[in-house]
Amino acid sequence: MIKTGDPRRLGVPASEARLNFDTELQELGGGPRRRLLMVDDEPAFELSFYCGTCPLLFRRLETAREKLSLESMQERLIGTLDDPDGGGVIDAFGTLLPEGEYLPLLLEVEPRLVIPGREGDYFSGEQVTTWGIDQFWGLPEYPHTPYYRTFETAVDADAHLYEFVVPMVPPTWNERERVEAYVALMEQGTVPTAVAISTLDVCRPAIDRGDDYFVHWGLTHFLLDGHHKLEAAAAAGRTVRLLSLLALGESLSGADHQARLPALRARPRATRATGSESACG
């Protein structure tokens, strides 16, 4: 954690915003089915279900094809942002977002690229230890995108915070020359800045099916700007600054959870010891 701003009202009317949160309705006029992150009126990601007992989720959909960088901010974000309000970055990106309350968080992260189903994948690792595998598919949840893991820490004995940075498009879509240019800048000591809209989803399984029953706090940052920077930092083992705009009204968490987040994010990184690990330790 570098610095936290005060919650503030940002955004434009939903009809003008390039990014929105929405709920998909049943075809025959039923209740809500999927919670969605929309980009340019197209479903981009399916998010954790509203019930709060289903597993944490960010699943890229077929229509997720757009980044949301702002040309006017490129020069400002090549270097290090030292304050959330520095350089008018928040107001500039606020023009892409729907009206609502946002909490600015300025973080320093060292991203680790994760491929679903491989080593370090949250969905086939920690999530399965709590929820087990999907009862219908007989498989773990699958996010349909590579993503970055950046931080985790204990909330208390019965809850753990996991942080993810999710690119709007896969790293394979990035321009190789730009990634290499950022690697070179980082090796010279530059710490560039990325920008994300974020959610805090707190998920507790209704039934104990796994080996370790606890509450998962998922802090998920969806990249608005910084796709090449995150890949470069992951490749070079370097850090980047991340300006997170936490959508307070669109997160599956209460005001009490959100109020605790800055202090939790300032704690030392810590993995969760499972019951068997605790017994051995």
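# Close-up views of a predicted model

**View 1. The largest nonpolar core.** L19, F93 and F222 touch the most other members of the largest nonpolar core, a set of 42 residues. A nonpolar core here is a set of buried Ala, Val, Leu, Ile, Met, Phe, Trp, Tyr and Cys residues joined through side-chain atoms within 4.5 Å. Buried means under 20% relative accessible area, exposed means over 50%, and partly exposed is in between (1.4 Å probe, protein chains only). Helix α2 (residues 89–94) gives this core its largest share, 4 residues. Apart from this core lies another, of 31 residues, including Y182, A196, L200 and L261. In soluble globular proteins, nonpolar side chains tend to be buried together.

This is a predicted model: local features need pLDDT of at least 70, side-chain atom pairs count only at pLDDT 80 or more, and totals for chains, interfaces and linings use all residues. Residues are numbered from 1 along each chain as its sequence is written, and side-chain values use heavy atoms, with hydrogens and water left out.

**View 2. The surroundings of L19.** L19 touches L37, M38, L68, L96, L97, P98, M168, I197 and L224, with residues up to four places away in sequence not counted. Contact means heavy atoms within 4.5 Å.

**View 3. The whole chain.** The protein chain has 7 helices and 13 strands. These are DSSP runs numbered from the N terminus: helices are H or I with at least four residues, strands are E with at least two. The radius of gyration is 18 Å, close to the 19 Å that the globule rule gives for 281 residues, so the chain is as compact as a globular protein of that length. That radius is taken over C-alpha atoms, and the rule is 2.2 Å times the number of residues to the power 0.38. Along the principal axes, the C-alpha atoms fill a box of roughly 50 × 50 × 35 Å. Of the 281 residues, 51% count as buried. Among contacts with a separation of 6 or more, 74% join residues 24 or more positions apart.

View 4. The accessible surface of the protein chain comes to about 12800 Å². Carbon and sulfur atoms hold 50% of this surface. Areas come from the Shrake-Rupley method with a 1.4 Å probe; for residues, only the protein chains shown count as cover. The chain carries 27 positive and 43 negative side chains. Lys and Arg count as positive, Asp and Glu as negative; His and the chain ends are not counted. The centres of the two sets lie 2 Å apart, with each charge placed at NZ of Lys, CZ of Arg, CG of Asp or CD of Glu.

**View 5. The loop between β4 and β5.** D40 lies in the loop between β4 (32–39) and β5 (42–47). Its phi is positive, about 50°, although D40 is not a glycine. D40 is partly exposed, with a relative accessible area of 33%. D41 is found in the loop between β4 and β5. Phi of D41 is near 65°, a positive value in a residue other than glycine. D41 is exposed, at 64% relative accessible area.

**View 6. L113 in strand β8.** L113 lies in strand β8 (residues 112–114). At 38% relative accessibility, L113 is partly exposed. Beyond its neighbours within four places in sequence, L113 contacts P146, Y147, Y148, P171 and A234. L113 and E231 are 118 residues apart in sequence, yet 7.5 Å apart in space, C-alpha to C-alpha.

**View 7. Helix α5 and its end.** Helix α5 (residues 227–236) is mostly covered, with 7 of its 10 residues buried. The buried residues are H227, H228, K229, L230, E231, A232 and A233. G237 follows α5 and has a positive phi, near 70°.

**View 8. L261 in helix α6.** L261 sits in helix α6 (residues 255–265). L261 is buried, with a relative accessible area of 0%. Leaving aside neighbours within four places in sequence, L261 contacts L105, L161, L200, L219 and L246.

**View 9. I2 before β1.** I2 lies in the segment before β1 (3–4). I2 is partly exposed, at 34% relative accessible area. Neighbours within four places aside, I2 contacts D82, L106, L107, E108 and R241. I2 and R265 are 263 residues apart in sequence and 9.7 Å apart in space, C-alpha to C-alpha.
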